[in-house]
Amino acid sequence: MAALYFQALAAIAVSLSVLMAGAWVVQQRTGNSGWVDTIWTFSVGLVGAGSALWPIGGAAPNARQWLVAVLVAIWSLRLGTHIAIRTAGISDDPRYAAFASEWGANAPRRMFIFLQNQALGSIPLAFAIFVAARFPGDGLRLSDYLGALILLVGIAGEAIADAQLRAFRADPANKGRVCDAGLWRWSRHPNYFFQWFGWLAYPVIGLSMGDPLYYPWGLATLLAPVFMYWILVHVTGIPPLEAQMLRSRGDRYRDYQSRTSQFFPLPPQS
């Protein structure tokens, strides 16, 4: 049994590495780093859904496998399409452009290494999906439905935050201002928060939580929200985005930072 899980882990790692190498090729040829996030999202969705449907003992996928595969596919298609539409309207992503400027002549090589590190950091996400989908037993449990609800809430919350930001930016009167309306009044990055929140679905599905069936591999599902939090809050999410906002908005953004929670939605400070 353990050998199968390690085989899946290796297959996930190779697949993500190859797909992110493809993202590097696209970024180098187009000069638009925004496609990196688009390809990453679709890659995690593709590898995650494929791993969820990985046959168990040669049998056709059961109800839980299909549920998990559909959930990750919905997440990937919604977010990937949103990023693709946004990317099509810009010449480059300012976060990655700042990295390229800092790297100078070494930018192509450093970008390739950066994207391979992204692939490495995404392995726990796809593996958590694989593990959750293989919880013993064919029938769906209450925790499966709860996990599905959590992911759908995360997707809906992220979509609402994206729509609110898009509407704010579409108003010419808001040019140069910082969006602090709707969910953005409670968190500086509500879209990131809800993206992280959705990954809590896989521990809910994959952990026993009082179920008589013992499934020690379920502990691996905890890696998904832990790594997603780390990626969003400390690596490719908040740090480069806030640095860009400080460059473009200056004191307006500093004022926004002083009264608005960075990640978790909280009442704004006066």
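**Aromatic pairs, a surface patch and salt bridges**

W196 is buried, with a relative accessible area of 14%. This is a predicted model.

Start with the ring of W196. Its centre lies 5.6 Å from that of F264, and the two planes stand at 90 degrees, so the pair is edge-to-face. F264 has a relative accessibility of 36%, so F264 counts as partly exposed.

The structure holds 29 aromatic pairs. Another of them joins F193 and F263. This pair is edge-to-face, with 5.8 Å from centre to centre and 75 degrees between the planes. Again, distant parts of the chain are linked. F193 lies in helix 7 (residues 190-198), and F263 lies in the segment after helix 11 (251-259). The separation is 70 residues. F193 and F263 are both buried. One aromatic cluster takes in F193, F194, W196, F197, Y229, F263 and F264.

R141 lies over F135, at 3.7 Å from the ring centre. R141 also has a salt bridge with D144, at 3.2 Å from N to O. R141 has 13% relative accessibility, so R141 counts as buried. D144 is buried too, because its relative accessible area is 0%, under the 20% cut-off.

Side chains of opposite charge can pair when their charged atoms come close. The structure holds 10 salt bridges. One of them joins R95 and D37, at 2.5 Å from N to O. R95 is in helix 4 (residues 94-103), and D37 is in helix 2 (residues 34-52). These distant parts of the chain are 58 residues apart. Both R95 and D37 are buried; for R95 the relative accessibility is 10%. R95 forms a salt bridge with D93 as well, where the closest N and O atoms are 3.0 Å apart. D93 counts as buried, at 6% relative accessibility. Through shared partners, salt bridges join D37, D93 and R95 into one network.

Now turn to the surface. W66, V70, I74 and L152 form a nonpolar patch there. Together they have about 360 Å² of accessible area. Helix 3 (residues 63-88) gives the most to this patch, with three residues. L152 is found in helix 6 (residues 142-170). Its relative accessible area is 42%, so L152 is partly exposed.

How values were computed:
Residues are numbered from 1 along each chain as its sequence is written. This is a predicted model: local features need pLDDT of at least 70, side-chain atom pairs count only at pLDDT 80 or more; totals for chains, interfaces and linings use all residues. Side-chain values use heavy atoms; hydrogens and water are left out. Rings of Phe, Tyr and Trp (its six-membered ring) pair if their centres lie within 6.5 Å; planes under 30 degrees apart count as stacked, over 60 as edge-to-face and the rest as tilted. Helices (H or I, at least four residues) and strands (E, at least two) are DSSP runs, numbered from the N terminus. Buried means under 20% relative accessible area, exposed over 50%, partly exposed in between (1.4 Å probe, protein chains only). A charge sits over a ring if NZ of Lys or CZ of Arg is within 6 Å of the ring centre and within 35 degrees of the ring normal. Patches are made of residues with over 30% relative accessible area and no salt bridge: like charges are joined within 9 Å, nonpolar side chains (Val, Leu, Ile, Met, Phe, Trp, Tyr) within 5 Å. Accessible areas come from the Shrake-Rupley method with a 1.4 Å probe; for residues, only the protein chains shown count as cover. A salt bridge is a side-chain nitrogen of Lys or Arg within 4 Å of a carboxyl oxygen of Asp or Glu.
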